[in-house]
Amino acid sequence: QMRSYAQIMGLPLEIAARAEELQQAIAKHNDKDLLLIDTFGRRSSEPTDLAELVDIFRIPWKIEHQLVLSATTQYQDLLAAARAFQPLGPANYLITKLDETSDGASLVNFLLSRPKPLSYFTTGQRVPEDIEFASKKRLVKLLLHRRKQVTDLEQ
């Protein structure tokens, strides 16, 4: 799936499973303004997955970690993910699946209880059209609009 997204967006893709491979990939692309590193397949509930991530990111480059969270996730699970990934020191939250939730209460409560800047939202399946810069104002607008759509359907 990542290969498909990279092709659609016309971006290079590197695979790195170890710290040395990540260092090589970063060095290869050190002329770029921005590198995105996806740690797909890592479960917050699995301590060995987290230990591997911490080990992989022991590299000499400064990396801004972002915690990717689904808008459809329950409050307690959002809290658990934030706790689990805390050793990586995420600076921002990237919120996905805003188009798939009709009730943003869990997400809003989480963001109020764990304040960090928001970086991006995803609001659909189209890449890159459905990726946008995040703001709290935009989040409220998206959630209220989505809730209104669901209420209209219910009526």
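This report walks through the fold, the packing and the surface of the model shown above.

The model is predicted: local features need pLDDT of at least 70, side-chain atom pairs count only at pLDDT 80 or more, and totals for chains, interfaces and linings use all residues. Residues are numbered from 1 along each chain as its sequence is written, and side-chain values use heavy atoms, with hydrogens and water left out.

**Overall fold**

Let's begin with the chain as a whole. It has six helices and four strands, where helices (H or I, at least four residues) and strands (E, at least two) are DSSP runs numbered from the N terminus. Read from that end, the order is α-α-α-β-α-β-α-β-β-α. The C-alpha trace spans about 55 × 35 × 25 Å along its principal axes. Of the contacts with a separation of 6 or more, 63% join residues 24 or more positions apart; a contact means heavy atoms within 4.5 Å.

**Buried parts**

Of the 155 residues, 32% count as buried. Here buried means under 20% relative accessible area, exposed means over 50%, and partly exposed lies in between (1.4 Å probe, protein chains only). Helix H4 (residues 75–84) has Leu78, Leu79, Ala81, Ala82 and Ala84 as its buried residues. These pack against helix H3 (47–56), strand S1 (66–70) and helix H5 (105–113).

Histidine 65 sits in the loop between H3 and S1 and is buried, at 16% relative accessibility. Beyond its neighbours within four places in sequence, histidine 65 touches Phe57, Leu88, Gly89, Pro90, Ala91 and Asn92.

**Surface and charges**

The chain exposes about 10,500 Å², and carbon and sulfur atoms supply 52% of that area. Accessible areas come from the Shrake-Rupley method with a 1.4 Å probe; for residues, only the protein chains shown count as cover. Ile8, Met9, Leu11 and Ile131 make a nonpolar surface patch of about 340 Å². Such a patch joins nonpolar side chains (Val, Leu, Ile, Met, Phe, Trp, Tyr) within 5 Å, from residues with over 30% relative accessible area and no salt bridge. Isoleucine 8 belongs to helix H1 (residues 2–9) and is exposed, at 54%.

The whole structure holds seven salt bridges, each a side-chain nitrogen of Lys or Arg within 4 Å of a carboxyl oxygen of Asp or Glu. The table lists some of them.

| Salt bridge | N to O distance |
|---|---|
| Aspartate 31 – lysine 32 | 3.2 Å |
| Aspartate 55 – arginine 58 | 3.8 Å |
| Arginine 126 – aspartate 130 | 2.7 Å |

Aspartate 130 is buried, at 7% relative accessible area, whereas aspartate 31 is exposed, at 56%.

Definitions and conventions. Patches are made of residues with over 30% relative accessible area and no salt bridge: like charges are joined within 9 Å, nonpolar side chains (Val, Leu, Ile, Met, Phe, Trp, Tyr) within 5 Å.
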